[in-house]
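Biologist: Hi! Could you walk me through this model in plain words?
Modeller: Happy to, let me bring it up.

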Amino acid sequence: MANLDFARITANLVGVIPAVFTIPPHRSFADALAAGLIARFGREKTGLARGLLLLPNNRAVRAVQDAFVRRSDGGLLLPRLVPIGDPELDERIGGALEPLDDTAPIPAAIDPVERLMLLARLVQRHHGPDAAEALRLAEDLGRTLDQLRVEEVDPARLGTFAAEVPDLSLHWQKSLDRLQLILDDWPRILAERGRIDLADRRNRLLDAVAKRWRERPPAGFACAAGITTTAPAVARLLRTVARLPKGMVVLPALDLAMPDEEWAALGPHEPDPATGRRRPAIETHPQFQLKLLLDRMGVGRGEVGRWRRGSGRDAPAARSRAIANAMAPPAFTRKWQALKPADRRLTGVRALELADPAEEAQAIAIALREALETPERTAALVTPDRNLAARVCAHLKRWGIEADDSAGRPLSQTPPGTLLLAIATAVAERFAPVPLLALLKHPLVRTGEGRLDWLDGARDLDFALRGPRPPAGLDGLSRHLKGDVALWWASDAAPLLGSLETAFGAGCRFFDLLAAVREAAQALAGDAVWAGPAGRAAADLLARLEEAAGEGPETVAVAAFPAMLERLLAAQAVRPPYGQHPRLFIWGLIEARLQQTDLMILAGLNEGTWPALPAPDPWLAPRLRADLGLPSLERRIGLAAHDFACALGAPQVLVTRARRDARAPAVASRFWLRLEAMTGGLTRAPACRKWAQAIDKPGGYRPAGRPAPAPRERPRRISVTEVDRLKADPFAFYARRILGLSALDAVDADPTAAWRGIAVHAVLEAWMKEDACDPAKLRPRAEALLAGADAHPLMRALWQPRLLEAIDFIAAEVEKNRAAGRLPLKAEAWGEIEIAGVTLGGKADRIDRLPDGSLAIVDYKTGKPPSNKAVSEGYSLQLGLLGLIAERGGFEGIEGAAAFFEYWSLARKAGSLGYVASPVGGRTGMDVADFTTAAARNFIGAAAQWLTGEEPFTAKLHLEYAPYGDYDQLMRLDEWYGRE
């Protein structure tokens with residue numbers, strides 16, 4: 001019994017006082033507990049093995065087991081480590097506590113997946129949302145039911161609240177009514193299956209164990225350690241354990257030195273005799289949970305002793321005093337001003353404030369990597385921010401380090417999970433291009449020898465699906481595709497997806513949808529999708545879901561199925577069984593409660609992250625929760641504060657935060673602000689920040705200069721539309737014409753201005769060639785275009801009124817010109833001439849014959865036409881060059897001088913859509929007679945420089961006339977623009 005409180009243990013043997021101890025935060029709980037139990041019961045070979053150690057959950061079992069292993073010398077028979085179960089984690093109570101005698105059997109707990117499905121069906125029946133929303137509400141409902149069971153609140157009490165709380169808002173009244181309907185059905189459903197809720201079963205088992213131990217105490221020792229749950233059944237069991245002859249309860253980080261005035265202020269308080277109201281308890285304080293537990297155990301704080309054994313790598317005891325002072329209730333923080341330096345000093349605790357989460361993750365990874373430089377030194381990152389943890393894991397892989405992330409990864413983020421989601425999303429969106437390509441390119445699809453051929457076909461399909469969306473469904477895609485990619489699609493891809501489309505189109509039963517996704521995954525990926533820890537978890541989840549699907553929502557909309565499946569997959573964590581670093585850990589708050597390392601990095605200390613914002617309860621109003629005696633939503637902040645206080649007791653601690661998150665400036669955590677205020681400013685750790693900022697910086701900067709390639713072979717053909725690019729951005733012309741590079745349309749792109757222009761040109765060309773410019777036939781052609789356009793319906797709806805009004809303008813304008821003797825001659829006519837040693841070609845949208853025999857060159861614009869300023873500076877001379885080609889006989893069958901040059905714009909001007917503008921004539925325009933001559937002179941100069949000459953193709957010569965950025969990355973624009 002060395003180093004334990006002999007008087008307390010001895011007194012407990014005769015039942016005088018309860019044996020309750022606490023391990024202060026400056027000691028590692030699991031290691032100190034193991035050391036004390038070994039010292040007390042480990043002298044005999046089987047002394048420990050005869051004992052029973054009750055722990056809060058399975059994660060605590062692993063932590064304490066590891067602590068015993070670290071303390072063992074050559075071998076050790078461990079006590080039975082039994083979790084009491086945590087309904088919030090869907091953890092069942094340990095099998096060692098199951099009754100083995102002839103007592104009345106306790107019904108089995110309902111399977112969590114089956115329970116979720118049943119609750120979702122009830123929610124959908126009484127609440128009416130879609131299946132995905134019903135599933136979300138069912139999860140919240142399950143938590144509310146568990147809290148009612150854990151706190152031993154009779155759900156029937158809810159029925160009286162409507163009369164007792166007449167001023168309850170309409171929203172909460174409706175929610176209460178729906179909840180009452182569900183609670184009326186739920187007991188009957190459980191009784192029909194012979195099952196009970198997991199939380200209810202845990203209460204019954206714990207009460208049975210407490211009763212059995214009171215009547216027949218166990219032969220070996222019984223120790224309940226690390227349990228902070230305030231559930232009445234748990235408190236009754238701990239009360240019993242503390243009074244067993246060989247029993248003891250060990251609490252984590254109970255503050256024995258806290259002044260009585262502060263302790264009493266925490267609550268819960270007695271009702272006011274006059275009003276019957278209670279003063280609010282300080283549930284956000286880290287000691288509130290322990291105080292409530294002691295009250296329910298019937299144990300005074302003065303009866304709690306200090307655990308005498310240390311962990312062997314403890315921080316100074318002054319650390320616990322400083323932590324307690326920093327966490328003082330708000331009304332008592334004035335005492336900080338009078339504290340002695342030793343009581344406020346946090347020696348060994350450093351702070352690091354970074355610019356953003358990316359820099360924070362990099363700095364943390366460097367600090368963890370530095371810790372490994374010391375042999376046998378351990379380090380852990382503790383954060384509730386899973387995104388930050390994932391970033392740190394990625395940075396650690398720079399050094400080949402695979403951190404032991406005990407929280408694992410959500411199944412929805414693993415390859416098997418993403419494949420299942422990709423299948424569901426693709427079929428729900430009727431094989432729209434983006435989800436379809438994501439599915440076909442998934443790394444698990446067609447693994448093995450045929451993978452490369454499959455990817456070749458998928459890439460060809462990618463090219464074919466660029467631009468506006470094709471018709472929906474597999475048949476629509478088959479009609480859209482042409483050439484070799486159509487053959488690949490028909491022979492290789494479509495057959496694998498046909499049954500999936502059939503299943504999703506035939507009905508909306510949840511079971512059928514799950515089965516179709518499973519079969520499609522097998523067809524696409526084979527057994528690879530079910531391999532490994534993630535694959536086995538996916539297979540197990542699907543099996544359980546299919547078994548319980550018949551109990552789930554009665555109808556599942558296909559569009560809601562992907563969100564539903566993602567929620568189910570995200571709830572499952574996948575933890576790799578081996579291969580992680582033995583001295584580096586990443587813990588969530590649950591994993592870090594009972595264990596410490598040499599260096600603890602407490603990260604993400606911003607409000608909303610640590611502590612997290614209280615999750616709202618959609619079923620019970622805060623006032624109802626308080627009247628029922630349920631924990632307030634803020635109590636989780638108190639648990640987070642207790643977790644922070646325990647982790648702050650490690651020998652070396654680094655606390656970090658980012659000044660802004662991904663969206664906006666962040667507010668420092670209340671815990672961070674308390675430490676800063678009490679200490680007058682934590683010691684900073686600037687080295688990690690400097691290293692994080694420097695690690696990716698190159699030794700020297702050698703930015704690229706402005707590119708100016710000068711190839712010997714140059715094009716001898718050019719279109720009139722390329723002349724402006726040649727002059728304003730020669731490098732872009734070089735990349736397009738000489739290198740043969742062109743920008744790809746986005747997959748499933750909305751119709752761009754260029755697409756709309758092509759569509760309008762096609763309508764007007766067909767109208768002229770097939771309808772002889774009959775005004776009555778133009779609008780029907782435009783309407784047919786919109787009806788068949790493979791664009792998003794919203795885009796068609798927005799564009800249709802504008803297009804039809806502009807089309808009416810064109811028909812009226814053509815009819816007016818025809819009355820004046822001006823006749824359309826040719827549409828979409830291609831012509832070319834030889835000039836300055838170069839073939840100049842171009843397509844005229846329309847050429848009209850005027851009454852005097854001269855020609856009018858017309859160019860349709862869906863937007864604004866070029867300005868006269870651009871024309872005067874030698875740009876936007878496309879109409880002039882087309883006129884030059886016409887005058888020199890470049891258009892077959894057309895002769896005459898070009899006298900009119902017009903832009904027919906479909907844009908808005910003077911309150912209406914559609915107008916005619918000309919780059920020549922008027923006060924600011926060029927003289928009509930000189931237009932083609934000026935265009936020829938301008939072109940000859942450009943051709944002599946870059947096409948027949950040796951002028952380099954310099955990037956962005958005239959930025960104001962080079963608005964497109966298709967080749968900015970190729971020319972490395974950001975490296976040189978602005979420096980010259």
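Modeller: Let's begin with β7 and β14, which pair in the parallel sense over 6 bridges. Strands count as paired if DSSP finds at least two bridges between them, and strands themselves are DSSP runs (E, at least two residues) numbered from the N terminus, as are helices (H or I, at least four).

Biologist: Before we go on, what kind of model is this?
Modeller: This is a predicted model, where local features need pLDDT of at least 70 and side-chain atom pairs count only at pLDDT 80 or more, while totals for chains, interfaces and linings use all residues. Residues are numbered from 1 along each chain as its sequence is written, and side-chain values use heavy atoms, with hydrogens and water left out.

Biologist: Ok! Which residue of β14 is the bridge partner of V349?
Modeller: That is V653. β14 also pairs with β13, again in the parallel sense, over 4 bridges, and there I601 has L654 of β14 as its bridge partner.

Biologist: What holds paired strands together?
Modeller: Strands of a sheet pair through backbone hydrogen bonds, either parallel or antiparallel.

Biologist: Is β14 mostly covered or mostly exposed?
Modeller: Mostly covered: 6 of its 7 residues are buried. Buried means under 20% relative accessible area, exposed means over 50%, and partly exposed is in between (1.4 Å probe, protein chains only).

Biologist: How many strands are in that open sheet, and in what order?
Modeller: There are 7, in the order β9-β12-β8-β13-β14-β7-β15, with parallel pairing. β9 (404-405) and β15 (683-684) stand at the edges with a single partner strand each, so one side of each has no neighbour in the sheet.

Biologist: Which helix packs on the sheet?
Modeller: Helix α14 (residues 357-371) does, touching β7 (349-354), β8, β12, β13 (599-602) and β14 (652-658). Its direction makes about 165° with that of β14. Touching here is contact, meaning heavy atoms within 4.5 Å. Angles run from 0 to 180 degrees between N-to-C directions, and axes are lines fitted to C-alpha atoms, for helices over the stretch in contact.

Biologist: How many bridges join β8 to β12?
Modeller: 4 bridges join β8 (residues 379-382) to β12 (residues 584-587), and the two run parallel. V382 stands opposite W587 in β12.

Biologist: And where is A592?
Modeller: A592 sits in the loop between β12 and β13, and is buried, with a relative accessible area of 6%. Leaving aside neighbours within four places in sequence, A592 is in contact with V382 and W587. Its C-alpha atom is separated by 8.3 Å from that of C646, 54 residues apart along the chain.

Biologist: Changing topic: which residues cover the two faces of β4?
Modeller: In β4 (residues 222-225), A222 and A224 lie on one side and C223 and A225 on the other, and all are buried. In a regular strand the side chains alternate between the two faces of the sheet. β4 pairs with β2 (residues 52-55) in the parallel sense over 3 bridges, and 4 bridges join β4 to β5 (residues 247-252), also running parallel.

Biologist: Last one: at what angle do α21 and α22 pack?
Modeller: α21 (residues 510-525) and α22 (residues 532-548) pack at about 155°, with axes 9 Å apart. That makes α21 roughly antiparallel to α22; the cut-offs are under 35 degrees for roughly parallel, over 145 for roughly antiparallel, 65 to 115 for roughly perpendicular and oblique for the rest. The contact is made by F511, L514, A515 and R518 of α21 and L542, L545 and E546 of α22.
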